[in-house]
Amino acid sequence: MKSNTLILHTAALFIMPLQLMFSVFLLLRGHDEPGGGFIGGLVAASAFVLYAFAFGSEPTRRILRVAPRDLLAAGLLFAIASTIPAFLAGQPMLTAHWWELPLPGGSYLKLSTPLIFDIGVYAAVLGTIMTFVINLMESEE
Amino acid sequence: MLLAVLSGFLLAIVAPALHRVTGRYIGWTLAILPASLTAYFASLIPEVQANGSIVLEYAWLPGLGINLNFLVDGLSLVFALMISGIGTFILIYAGAYLAGHKYLARFFVIMLSFMASMLGLVLSDNLISIFVFWELTSITSYMLIGFNHEDMEARKCALQGLFVTAGGGLVLMAGLILLSIMGDSYSMSEILASDLALHQHAFYTGAVICILAGCFTKSAQVPFHFWLPNAMAAPTPVSAFLHSATMVKAGVYLMARLNPSLGEGELWSQALMLFGAATMFTGAYLAFSSTGIKKVLAYSTIMALGTLTMLIGVGTELALTAFICFLVAHSLYKGALFMIAGALDHETGTKDITRMGGLRRAMPVTTVIACLAALSLAGLPPLFGFIAKELLFESLLDSPLWSAGLTTAAVAAAVLIVGVAGLVAIKPFFGKVANTPKTPHEAPFGMLVGPAVLSVIALVFGLAPFLPEGALLQSAVGSVNGAAVETHLALWHGVNVPLILSIGSLVLGLSLLAGWNRLQPSIYAINTSAARFGPEAGYFRFMEGITVVAAWQTRVLQNGVLGLYLLLLVAVTFGLAGYTLLTKQGITVSLDLTDSHFYEWGIALLLLVAAVFASATHSRLGSVASMGVLGFGVALTFILFSAPDLGITQLLVETLTVILLVLVLFKLPEFVNLSSPFERYRDLAVATFAGVVMTLLILAALDVQYFESISSYYIENSGTLGHGRNIVNVILVDFRALDTLGEIFVLSLAALGVLSMIKLRAEDQYKP
């Protein structure tokens, strides 16, 4: 399935990068403001779905670069990987660890295992929806 | 100790690689492990003698109170030595017996795993790990019985063995959990050491019934005995090891282990005596009436298992001494006899005793070993079997309960077993030379060393009973009894009642044997007609019943109509929820609508209209779209009540859901109204009911609070503990991260499920 509307093509090309940037923004700020991995993943998925509606499934696969299933697996691996620091420290599973990296200009970058976990959620959600959408579209063609 | 138990599993992993290196010496190579384990266990003997028992602890799941603790005392050491000692010879034997078999490596993998599981079972101190190892032995036994998996009969027998033993294992688990509640510990040694009067506990009857069901199925007690003879479909090394010397004794082991704790109740001792005696007699009778050499041995194993169970039930110090002696004697001679039977089968090409005869010239060494082992089976001096049998008679004569009945049953069984011993040692080797499918010759060295060593040990133990007694048997009797016991084993007791009973049973047994050829056909006829009503027929009826019920419930409940699934799920869920609400809480409606705004009413109206339209419209697209409106309405409510995270998520999910549904819609056929008006009204009624119950639930939840809300904890700690101001996100990725982890796994599984459904359908279309 693929649309031939010029308006949709043009709009998709402009909107999609914005959506993707917005999804990363939502993911990163999620710990303090509305957002997070789940919402970020959904926004990213809707970006790719928009692209898929405009250009079809094969270009979407190309622009995703990795297979949706691999994205899914990567998400789960990220989530599992976030348990490693707690495991090494002998703490209960998923105990959060925080690191603050000093940045030039006196501010700090907050890094943490919950962030790694959230990235995992992001990728898993994106992978799930893209698996649904791309395969449904392809089975139609 | 941990290494000793697990080394079998480790070696199993590398066994196929080893097989490629060592080739035909694989049996000898692998036997090094059980041999060194035997030496290791033997080295523990002095410590057990000095301390009574050793408990070794390894943490496994400490949070659940499940540890991989090992309890080494006289009883477990006797078993461990039997498993590793006999295992050594079995591996050597199997290397020769199955030489050149294409699945030889696989055989050793399963065999070594079994050995490790069995060691784990007898050495574990924790009830849960006992259960785990118990089931592992059932599973490895299943794979070994069905080792010749191209043979349908073997597969059927394997499945039967698995159903009976694993089914019993599940009941056993219930029993072990009850036991742990009664004893307030999962540790066997703690339960044994505690002075709680378990037989007065409310759970005692239930626990005993469950544990005995497990032990009886595993140890092939009547009426579950039928799986054991069928298990003889396995290659002979398996029968010798699992189905005579070790695995079938697991049930006996557990009963002996628990005897100090549970043995004080009447139910325990009477059930054991009754079932044990029945099994003993049934086994002996069926052994005498069979013609296949492995079947004969299998039934005589059942007889031995019954005897052991009965002796635990009698429970006097003398009976427990007889128990340990009989246990050791039986493992020695039965292991040897099975290996001899395998050698006969291997060299003559038949398992049928009636077709063998006069083999003593062709197989002189085998003849000598068979005679030694059979003498022990028949309970004749100077073998260890004699001491065990004398003790058996003595303890039964001395039994506090049912002495006359038990002694009669035991003597009758002994008469038949003398006949059985003749069947396996005299029939094939003496008399006229019979034509066998293969020209017989002596078995290879690897197949004779095992039975020879075991028989010689039986002879040495018989001549010098103080050797095993001082080393281990006495402390083993002590562990079964729960308190130390002085034993006095001797070959010669003087002329007394047991000796007279022995001589009597020998004479009667020999005369039965002389008439065996004439008796056989009529016994066979009786057994065949009796089998129709036997427990095995019951097993088959039960299995057929399961298929019938499964077919029925698939037709009724799982008929593929999705609407029906949904209807049932909703009706049952809300029926139960509504019932609970009505009985526990009652209906309370306290609505305060004064504080509501017009736009809230507007949203509510929107939701209502969308819901009605979605269910009434005939257009699928319209339905999906109005579902979307419904979702957006809910999202609006979230935003109005200041839950922006939920609102955003809801909006996104709704958008994507509509897109997904639209994608699916294209594949569906034209909308056709298939349901009758009745069905539609029924569905409407159920849906309305669900809605009403849900509404009432929510209204009730406003008023009632069973627990203090956890929200305040999250609000207070999200900044300090979670380093974040967005509480929803902190809960998702930190406080309740494990839940989220589970959810994304479910999500991924759903994705893979959908993927496989789409792919499968797509491939179907390409089929010509």
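Because the model is predicted, local features need pLDDT of at least 70 and side-chain atom pairs count only at pLDDT 80 or more, while totals for chains, interfaces and linings use all residues. Residues are numbered from 1 along each chain as its sequence is written, and chains are lettered from A and ligands numbered from 1 in the order in which they are written.

**The two chains**

Helices (H or I, at least four residues) and strands (E, at least two) are DSSP runs numbered from the N terminus. Chain A has six helices and two strands, which follow one another along the sequence as α-α-α-α-α-β-β-α, whereas chain B has 32 helices and four strands. A residue is called buried if 20 or more other C-beta atoms lie within 10 Å of its own, exposed if 12 or fewer do, and partly exposed in between, with C-beta atoms placed from the backbone. Two residues are in contact if their C-beta atoms, placed from the backbone, lie within 7 Å. The table sets out the extent and burial of each chain.

| Chain | Residues | Span along principal axes (C-alpha atoms) | Buried residues |
|---|---|---|---|
| Chain A | 141 residues | about 55 × 35 × 25 Å | 43% |
| Chain B | 768 residues | roughly 105 × 70 × 55 Å | 46% |

Among contacts with a separation of 6 or more, residues 24 or more positions apart account for 65% in chain A and for 78% in chain B.

**Where the chains meet**

The contact between the chains takes 40 residues from chain A and 38 residues from chain B. On the side of chain A that touches chain B, helix H2 (37-55), helix H4 (68-81) and helix H6 (113-140) each supply at least two residues, and H6(A) gives the most, with 18 residues. For the classes, Ala, Val, Leu, Ile, Met, Phe, Trp, Tyr, Cys and Pro count as nonpolar, Asp, Glu, Lys and Arg as charged, and the others, Gly among them, as polar. By this scheme, the side of chain A that touches chain B has 24 nonpolar, twelve polar and four charged residues.

**Nonpolar cores**

A nonpolar core is a set of buried Ala, Val, Leu, Ile, Met, Phe, Trp, Tyr and Cys residues joined through C-beta atoms within 7 Å. The largest nonpolar core has 204 residues, and those that touch the most other members include B:Leu311, B:Phe323 and B:Ile417. Helix H16 (residues 317-348) of chain B contributes the largest share of this core, 21 residues. Leaving aside neighbours within four places in sequence, B:Leu311 is in contact with residues including B:Phe323, B:Phe326 and B:Leu392. A second, separate core of 54 residues includes A:Ala52, A:Ala79, A:Phe132 and B:Val733.

**Helices of chain B**

Helix H1 (residues 2-22) and helix H6 (residues 104-123) of chain B pack at an angle of about 175 degrees, with their axes 7 Å apart. Axes are lines fitted to C-alpha atoms, for helices over the stretch in contact, and angles run from 0 to 180 degrees between N-to-C directions. H1(B) and H6(B) are therefore roughly antiparallel to each other, a term for angles over 145 degrees. Their contact has 16 nonpolar, four polar and no charged residues. B:Ala116, in helix H6 of chain B, counts as buried because it has 27 C-beta neighbours inside 10 Å, and B:Ala116 touches B:Val5, B:Leu6, B:Gly8 and B:Phe9, not counting residues up to four places away in sequence.

**Local backbone features**

Most residues other than glycine have a negative phi, and most peptide bonds are trans. A cis peptide bond joins B:Val222 and B:Pro223, with omega about 5 degrees, and B:Pro223 lies in the loop between helix H10 (204-218) and helix H11 (227-230) of chain B. Another cis peptide bond joins B:Pro381 and B:Pro382, again with omega about 5 degrees. B:Asp184, although not a glycine, has a positive phi of about 60 degrees, and B:Asp184 is exposed, with 10 other C-beta atoms within 10 Å. B:Ser642, also not a glycine, has a positive phi of about 50 degrees, and B:Ser642 is exposed, with 8 other C-beta atoms within 10 Å.

Technical notes: Angles under 35 degrees count as roughly parallel, over 145 as roughly antiparallel, 65 to 115 as roughly perpendicular and the rest as oblique.
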